[in-house]
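Let's take a walk through a protein together. Have a look at the model first, and then we'll go through it piece by piece.

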Amino acid sequence: MLAIPLPDLHALVRGETVVAFVERGTATVGDEVTLGDGGPRPVDRVKAAYTRWADAPIPPGGWTAVVVAVHPSALLDPEAGAARHVLRSIPTGDLAILRVYRDDLPVLSDDAFTARRGAVEGALSR
C-alpha cells in the first residue's frame, strides 16, 4: 500500500493531479499499488484551495495506481511546477506520477492523463 496524505489523495482520486510526493525509493516505475489514507496533513503545508481536504475521508472505492514515472522531487521547478500539486512547497524525496484507477477504471481519460503527465514532466529541470 502507498499511504498518501489526505489532501494529496483527494486530488489524485478526483483527477486534479497525477503527482504524489513519496520517500525516496518507495515507488518504482511499473509498480501497481493500492492507495491508502496517509492521514491528515498540516493545513499550513497545503495550498488554500486544498485545505478542505486536509482531514476529510476519501470517497469510497477501490483506489489503485500504476507508477508511470519517478523523479527526484528536487527537479520540479518551484514556479513552473507550482500548479501541478497541492502543497505550498516541494518536499524532499521522490515525485511519483501515478495513473489512478477506481475499481479498475481509470480516473482520467488517456488524453487527460497524458496532458497532466506532460505538464508535470515539462516543469522538471534537467
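**A helix tucked inside**

In helix 1, the residues Leu 6, Pro 7, Asp 8, Leu 9, His 10, Ala 11, Leu 12 and Val 13 are buried, where buried means under 20% relative accessible area, exposed means over 50%, and partly exposed is in between (1.4 Å probe, protein chains only). Before going on, keep in mind that this is a predicted model, in which local features need pLDDT of at least 70, side-chain atom pairs count only at pLDDT 80 or more, and totals for chains, interfaces and linings use all residues. Residues are numbered from 1 along each chain as its sequence is written, and side-chain values use heavy atoms, with hydrogens and water left out.

Helix 1 covers residues 6-13, and eight of its eight residues are buried. Helices (H or I, at least four residues) and strands (E, at least two) are DSSP runs, numbered from the N terminus. What do the buried residues of helix 1 pack against? They pack against strand 1 (2-4), strand 2 (19-22), strand 3, strand 4 and strand 5. After helix 1 comes Gly 15, which has a positive phi, near 80 degrees.

Now pick out Arg 41, in the loop between strand 3 (32-37) and strand 4 (63-72). Is Arg 41 buried or exposed? Arg 41 counts as buried because its relative accessibility is 10%. Its side chain is joined to that of Asp 8 by a polar contact of 3.0 Å. A polar contact is a pair of N or O atoms within 3.5 Å; within protein, one must be able to donate a hydrogen and the other to accept it, and residues adjacent in sequence count only if both atoms are side-chain atoms. Leaving aside residues up to four places away in sequence, Arg 41 touches Pro 5, Pro 7, Asp 8, Val 46, Ala 54 and Leu 87, with contact meaning heavy atoms within 4.5 Å.

Next, follow strand 5, where seven of the nine residues are buried. Strand 5 pairs with strand 2 in the antiparallel sense over four bridges, and with strand 4, also antiparallel, over nine bridges. (Two strands pair if DSSP finds at least two bridges between them.) Look for Ile 97 in strand 5: it is the bridge partner of Val 19 and also of Ala 69. Strand 5 also runs antiparallel to strand 6 (residues 105-106), joined by two bridges, and Tyr 101 has Pro 106 in strand 6 as its bridge partner. Strands 5 and 6 form a hairpin with two residues between them, and Asp 103 in the turn has a positive phi of about 50 degrees.

How many cavities of 30 Å³ or more does a search of the whole structure find? The search finds two. On a 1 Å grid over the protein atoms alone, a cavity is a set of points where a 1.4 Å probe fits but cannot get out, and lining residues have an atom within 4 Å of a point. The largest cavity holds about 50 Å³ of space, and its lining includes Leu 12, Gly 15 and Phe 113. Strand 5 (residues 94-102) gives the largest share of that lining, three residues. The second largest cavity holds about 30 Å³ and is lined by Asp 8, Thr 17, Val 19, Phe 21, His 85 and Val 86.

Methods: 1 Å grid on protein atoms, 1.4 Å probe; cavity = no way out; pocket = protein on both sides within 12 Å on 5 of 7 lines; lining within 4 Å. Points joined across faces, edges and corners; volume = space filled by probe spheres on them.
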